[in-house]
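Work through the exercises below with the model open. Each task is followed by a solution in steps.

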Amino acid sequence: MAGSSVEAPVGVTDPAGAARGYRPSATMPFGAEFRRQASRRRTQLALGFMVLLPLIILIAFQFNSGGDDDNGNNEFASLVDLATSGGLNFTLFSIFVSASFLLVVVVALFCGDTVASEASWGSLRYLLAIPVPRARLLTVKLLVALAYSGLALILLAGTALLAGTLRYGWSPLRSTVAAELEPTEGLLRLLAVLGYLAVVLLVVAGLAFLLSVTTDAALGAVGGAVLLWILSSILDQITALGALRDFLPTHFSTAWLGLLSTPVQTDDVVRGSISAISYATLFWGLAFWRFTRKDITS
């Protein structure tokens with residue numbers, strides 16, 4: 001009959017109209033999503049490579065005959081010499097060769113693939129139909145992506161420290177910008193470097209996550225974030241831009257070197273942290289704003 005309404009059976013819904021017992025905060029738990037992402041091949045390969053890379057570098061060093069001088073007068077050769085002088089130095093070298101590109105790709109992979117892949121598989125709308133609130137879905141996926149990004153960084157440094165110490169011993173930390181540091185202090189400096197790199201990489205995480213909610217192509221989100229990071233790095237090398245370079249997200253990406261100097265230089269570290277957190281917050285805010293308003297058709 002026109003004007004009539006069909007009421008749900010008593011006891012099935014609550015006064016707000018939701019199914020009895022339904023709690024939005026209980027949908028899509030962090031642990032379940034973490035385990036789900038752990039079963040994915042891209043997660044296993046990415047984390048596995050973080051463990052494998054220091055071992056590859058270690059093996060490569062064994063082929064150094066020490067008799068060729070092709071690169072004997074350049075800065076990279078001096079870093080290689082330092083890398084084989086102790087576990088802490090080997091860890092620093094592994095971080096140095098990974099920070100500018102490899103870690104960027106890994107973070108972009110975890111954060112850019114998380115939503116776009118669901119859309120490409122056609123499973124995103126089913127997650128929302130469970131129903132999982134959109135904001136919660138994004139929050140859980142972002143936290144899981146950040147957790148795996150942090151785990152990748154820890155695995156890289158931890159494997160390098162363990163393998164380097166077993167091969168080269170527990171020696172003071174030395175670098176081209178600082179005096180020799182005792183092992184305990186050197187370890188604390190490396191932890192500070194890892195912490196700052198994690199903050200800087202939040203920019204990549206935010207950008208990749210924003211692209212992930214705007215496209216159904218996971219490769220486009222990951223590749224777009226990496227390409228924009230590279231573009232920012234290129235622009236940062238153009239001195240004609242002057243003070244404008246200070247506003248580029250990559251301008252302070254190497255400020256972690258100041259944490260190795262004697263005395264410690266923290267000015268750029270503070271500026272870089274503020275810049276990275278600001279950019280990441282902006283990108284995440286735009287991602288949530290975009291996703292909560294878009295039509296989900298896949």
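**Exercise 1. Describe the overall fold: how many helices and strands does the chain have?**

Step 1. The chain contains eleven helices and two strands; helices (H or I, at least four residues) and strands (E, at least two) are DSSP runs, numbered from the N terminus. Their order along the sequence is α-α-α-α-α-α-α-β-β-α-α-α-α.

Step 2. Note the source. This is a predicted model, in which local features need pLDDT of at least 70, side-chain atom pairs count only at pLDDT 80 or more, and totals for chains, interfaces and linings use all residues. Residues are numbered from 1 along each chain as its sequence is written, and side-chain values use heavy atoms, with hydrogens and water left out.

Step 3. Of the 298 residues in the chain, 44% are buried. Buried means under 20% relative accessible area, exposed over 50%, and partly exposed in between (1.4 Å probe, protein chains only).

Step 4. Consider contacts (heavy atoms within 4.5 Å). Among those between residues at least 6 apart in sequence, 78% join residues at least 24 apart.

**Exercise 2. Find the surroundings of S232: which residues is S232 in contact with, leaving aside neighbours within four places in sequence?**

Step 1. Locate S232 in helix 10, residues 218-236. Its relative accessible area is 6%, so S232 is buried.

Step 2. Outside its sequence neighbours within four places, S232 is in contact with L248, P249 and T250.

Step 3. The side chains of S232 and T250 are also joined by a polar contact of 2.7 Å. Such a contact is a pair of N or O atoms within 3.5 Å; within protein, one must be able to donate a hydrogen and the other to accept it, and residues adjacent in sequence count only if both atoms are side-chain atoms.

**Exercise 3. Classify T43: is T43 buried or exposed?**

Step 1. T43 belongs to helix 2, which covers residues 41-62.

Step 2. T43 counts as buried because its relative accessibility is 1%.

Step 3. Not counting residues up to four places away in sequence, T43 touches Q37, A38, F110 and Y148.

**Exercise 4. Examine the salt bridges: how many does a search of the whole structure find?**

Step 1. The search finds seven salt bridges. Each is a side-chain nitrogen of Lys or Arg within 4 Å of a carboxyl oxygen of Asp or Glu. Side chains of opposite charge can pair when their charged atoms come close.

Step 2. One of them joins D113 and R42, with the closest N and O atoms 2.9 Å apart. This pair links distant parts of the chain, D113 in helix 5 (residues 102-121) and R42 in helix 2, 71 residues apart. D113 is buried at 8% relative accessible area, and R42 counts as buried at 14%.

Step 3. Another joins E33 and R36, whose closest N and O atoms are 3.4 Å apart. Both residues lie in helix 1 (residues 30-38), three residues apart, about one turn of the helix. E33 is buried, at 4%, whereas R36 is partly exposed, at 31%.

Step 4. E185 and R189 also form a salt bridge, the closest N and O atoms being 3.0 Å apart. Both sit in helix 8 (residues 183-200), four residues apart. An α-helix has 3.6 residues a turn, so residues three or four places apart point the same way.
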